[in-house]
Amino acid sequence: MSKTNKSSQVILTVFLAFLSILVVLPFVMLLSISLSNEEAIVKAGYSLIPRDFDLSAYKHIFKNPGQILQAYKVTAIFSFLCMGLSVVLMSMLAYPLSKKGFKGKKTISFYVYFTMLFSGGLVPSYILTTQYLHLDDTIWVYVLPALINPWYVFMIRTFFQDIPYEISESAFIDGAREFTIFFKIILPLSKPVLATVALFTFLGRWNDWNTSMLYINDESLISLQYLLQRIMEDINLIKNASANMVAINIGEMDIPSETVRMAMAVVVAGPALVIFPFFQKYFVKGLTVGSVKG
Amino acid sequence: MKLHMQKGGKAVKRKNYSPGSSWELYALCAIPLILIFIFSYLPMGGLIIAFKNYRYDLGIFGSDWAGLKNFKFFFESDAFFRITRNTLVMNGIFIVVGLVCALGLAILLFELKSRLSTKIFQTMLIVPNFISWVIAAYMVFAVLSPSNGFLNVILAKLGFPKIDWYSRPDAWPGILVIAYVWKSAGMDSIVYYAALMGIDNTLFEAADIDGATKWEKIRYVIIPAIVPLITILTILKIGNIFRADFGLFYQIPRNVGLLYSTTDVVDTYIFRTMRVTGNMGMSSAVGLLQSVVGFILVMITNYVSKKIDPETGLF
């Protein structure tokens, strides 16, 4: 490492701190707007510090949380479902491809690989999914198309290939069959790569809004991010939701629309932001392996 | 037949562990392969829609052939030039600016002695990567909102008139680049950082002995060491230059029509043509073009990268 002196380290630290804070600033802004008083915001605009600290945006959300809770539920279900199924299925595909003598390995590998080079695109997929498979307005439209990702398949395969041959060999000698070797020996040894793929897949599903936009009309099946998108587009959504409240309708009650919007964003993004950085090292590992070994 | 020493030292002949034709392996990969067929290969077949006047009620096989009409229509439209230019230019800028920022960050972090600080900064820098473009769009809106936006508040305070950012197309290439870098530079820098950590320390020691300055070390030790990585990654990205990040280009500009001249890319155009105008044939044609051009590009860039360094390339 290069010789460093104290002052250059200090400058470096300050600069990097400045950048890091800048990067995180938009989040602070969302939070502060959500904690502000609606009138103050309308009068004076958004700011970094809450204007007239006010929890009414959150109170409003939690008074009528039906929509957001439902979206949370749906999103959690299909995210976990897809994550679990995906990891298992992709491993099942990667395992034979990692075996040296596997007949058809070249062909099947190419079959998988080609989908990374060329795709049918949006329209044929849309027609297939809606008109022929009838997956629209079901939860499966979030899960099935996203199950196999060639990039991750090869990542897993590379990992399998690095597992010492002797381990499988000695199991085979002891009479184990391929199924057993795969499930009882290879998979447990592959926890790192499986965890990484699981996380990436989960993150991908959790942040999905595309699918809802294209395939879902049923309000009870929309994903978290899509709910957020709709609210952004249509502030009336909030107003209507409140109007449906059987509870007190204070006539011309002002829906704190500006602050509520941002509060919803915080509620949606919050959990993910708290959880995901903890798994940072898995993402990092996955990135480096994936980019080096392609 | 291999010989295998069992416990007790007796040599025993046994069959090779040769899983070549084990039916179980085929059973394992069967379902995934079927899924790939359904969701990746069937749509490829569906591309013939590009050559048809698709009608919903007639389905794929009942609709009339349209020959190259859809393609002709597209090439003759205003949209063609606009979206091609936007897609290529924006992606090009992303590649260059993205590389500079990610690499720059990686080097800065690399030079930092305190491991704790490095970890803290890295965690902060990659946070934007975990949110969706929908949430990012909220943040951009918070900054750029014509009435309340943070930027406009400051402008007003300074005595300047407020700017309606969402009606000024020329501002958006810049805005989109900033959004792109904000979201991905942190994560991308991690890849380069890992590469930097992998550089042989003796190279640095030798540079020290030769009395090299910080900049010289960067130029003569670091850069040469990671040029292969940069090359592969950049080539991969060039291969995908015709594919835009739909989330970025759809959510951040909030699909405002006025901004299309600088924010409309191939992917947003295909989406709109399919959903808004319902013209399946045409959007399919553009999609086909995108896939074909993308495919050719990947092949070319892969070939080029192999020429430079046989170790690189995707296959």
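1. Arg261(A) is buried, at 9% relative accessibility; buried here means under 20% relative accessible area, exposed over 50%, and partly exposed in between (1.4 Å probe, protein chains only). Arg261(A) forms a salt bridge with Glu258(A), with the closest N and O atoms 3.9 Å apart. The term salt bridge stands for a side-chain nitrogen of Lys or Arg within 4 Å of a carboxyl oxygen of Asp or Glu. Glu258(A) is buried too, with a relative accessible area of 14%. Both residues sit in helix 15 (residues 257-275) of chain A, three residues apart, so about one helical turn separates them. Helices (H or I, at least four residues) and strands (E, at least two) are DSSP runs, numbered from the N terminus.

2. On provenance: this is a predicted model, in which local features need pLDDT of at least 70, side-chain atom pairs count only at pLDDT 80 or more, and totals for chains, interfaces and linings use all residues. Residues are numbered from 1 along each chain as its sequence is written, chains are lettered from A and ligands numbered from 1 in the order in which they are written, and side-chain values use heavy atoms, with hydrogens and water left out.

3. Chain A has 16 helices and zero strands. Of its 294 residues, 53% count as buried. Take the contacts in chain A (heavy atoms within 4.5 Å) between residues at least 6 apart in sequence: 72% of them join residues at least 24 apart.

4. Now the interface. Chain A contributes 101 residues to the contact and chain B contributes 100. The buried area between the two chains is about 9,500 Å². Buried area is the accessible area (1.4 Å probe) that two parts lose on being put together, summed over both. Carbon and sulfur atoms give 74% of that area.

5. Polar pairing across the interface comes to 23 residue pairs in polar contact, both residues at pLDDT 80 or more. A polar contact is a pair of N or O atoms within 3.5 Å; within protein, one must be able to donate a hydrogen and the other to accept it, and residues adjacent in sequence count only if both atoms are side-chain atoms. On the side of chain B that touches chain A, helix 1 (residues 23-45) of chain B gives the most, with 20 residues. By class, that side has 68 nonpolar, 21 polar and 11 charged residues. Ala, Val, Leu, Ile, Met, Phe, Trp, Tyr, Cys and Pro count as nonpolar, Asp, Glu, Lys and Arg as charged, and the others, Gly among them, as polar.

6. Between chain B and chain A the count is one. That bridge pairs Arg177(A) with Glu24(B), at 2.8 Å from N to O. Arg177(A) lies in the loop between helix 9 (165-173) and helix 10 (178-189) of chain A, and Glu24(B) lies in helix 1 of chain B, so the pair joins two chains.

7. Within chain B, Glu111(B) and Lys214(B) meet in a salt bridge (3.7 Å, N to O). Glu111(B) is in helix 4 (residues 78-111) and Lys214(B) in helix 10 (residues 214-239) of chain B, so the pair ties together parts that are 103 residues apart in sequence. Glu111(B) is buried, at 10% relative accessibility. Lys214(B) is partly exposed, at 30%.

8. A salt-bridge network links Arg82(B), Asp264(B) and Arg272(B). Arg272(B) is among the buried residues of helix 13 of chain B. That helix (residues 266-275) is mostly covered, with nine of its 10 residues buried.

9. Helix 7 (residues 150-157) of chain B has Phe150(B), Asn152(B), Val153(B) and Leu155(B) as its buried residues. These pack against helix 1 (6-34) and helix 2 (38-44) of chain A, together with helix 6 (133-144) of chain B. After helix 7 comes Gly159(B), with a positive phi near 95°.

10. There are zero disulfides over all chains, a disulfide being a pair of cysteine sulfur atoms within 2.5 Å. For Cys82(A), the nearest cysteine sulfur is that of Cys29(B), 20 Å away. Cys82(A) is buried, with a relative accessible area of 0%. Cys29(B) also counts as buried, at 2%.
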